[in-house]
Amino acid sequence: MTRRILLVNGPNLNLLGTREPEVYGTATLADVVALTVATARDEGYELRAVQSNHEGVLIDAIHDARADCAGIVINPGGLTHTSVALRDALTGVDLPFAEVHISDVYAREEFRHHSYLHDVAAVRVIGEGVEGYATAVRQLVALIP
Ligand code: CA2
């Protein structure tokens, strides 16, 4: 199987490091990608990263992963709590995926407690800050034969 992982960051995660440091820390999206690329490389995987504020772009990237990726690490942002379409894309491509949240969504507003991915994610990492992306890569690759 291809030794490549797709990293998906959803809406507004391009704002990381610019606002709300008390919730999301001070690392930028570029820092997150660099950390995740380095972790994947340590595990023997290449990584392709996509961030978009548009649901359809994310869904297309997930579909494209079928061609050359062994798994997906995704922080869907606010789409976590709203998107059946994103869930259908992830289950449709039949690749194992890790759901990451920088903040502890269960310690925040009630509307963040529900995830449309919770029962189909192979791995969930919640509230570990941006280090959670590294944890997600390690736990995900451990599941890939
Ligand atoms: O904790 C997470 O990683 C979230 O997935 C982040 C989403 C939020 O809707 C989820 O409930 C939990 C929001 C991403 C927006 O990120 C920003 C970062 C800096 C400034 C503003 C937004």
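Residues are numbered from 1 along each chain as its sequence is written, and side-chain values use heavy atoms, with hydrogens and water left out. Because the model is predicted, local features need pLDDT of at least 70 and side-chain atom pairs count only at pLDDT 80 or more, whereas totals for chains, interfaces and linings use all residues.

The ligand is surrounded by 16 residues, of which Asn75, His81, Ile102, Ser103 and Arg112 are the closest; a residue is near a molecule if one of its heavy atoms lies within 4 Å of it. By class, this shell comprises six nonpolar, seven polar and three charged residues (Ala, Val, Leu, Ile, Met, Phe, Trp, Tyr, Cys and Pro count as nonpolar, Asp, Glu, Lys and Arg as charged, and the others, Gly among them, as polar).

| Side chain | Distance to a ligand oxygen atom |
|---|---|
| Asn75 | 2.8 Å |
| His101 | 2.9 Å |
| Arg112 | 2.9 Å |

Taken alone, the ligand exposes 510 Å², and the protein buries 95% of that area, as computed by the Shrake-Rupley method with a 1.4 Å probe.

The ligand sits in the largest pocket, in the sense that more than half of its atoms lie within 2 Å of the grid points of that pocket. A pocket is an open set of points on a 1 Å grid over the protein atoms alone, where a 1.4 Å probe fits, with protein on both sides within 12 Å along at least five of seven lines, and lining residues have an atom within 4 Å of a point.

Asn12, although not a glycine, has a positive phi of about 75°, and belongs to the loop between strand E1 (4–9) and helix H1 (21–24); helices (H or I, at least four residues) and strands (E, at least two) are DSSP runs numbered from the N terminus. Asp94, another residue other than glycine, has a positive phi near 60° and is found in the loop between helix H4 (84–93) and strand E4 (97–101).

Technical notes. Polar contact = N/O pair within 3.5 Å; in protein donor to acceptor, adjacent residues only side chain to side chain.
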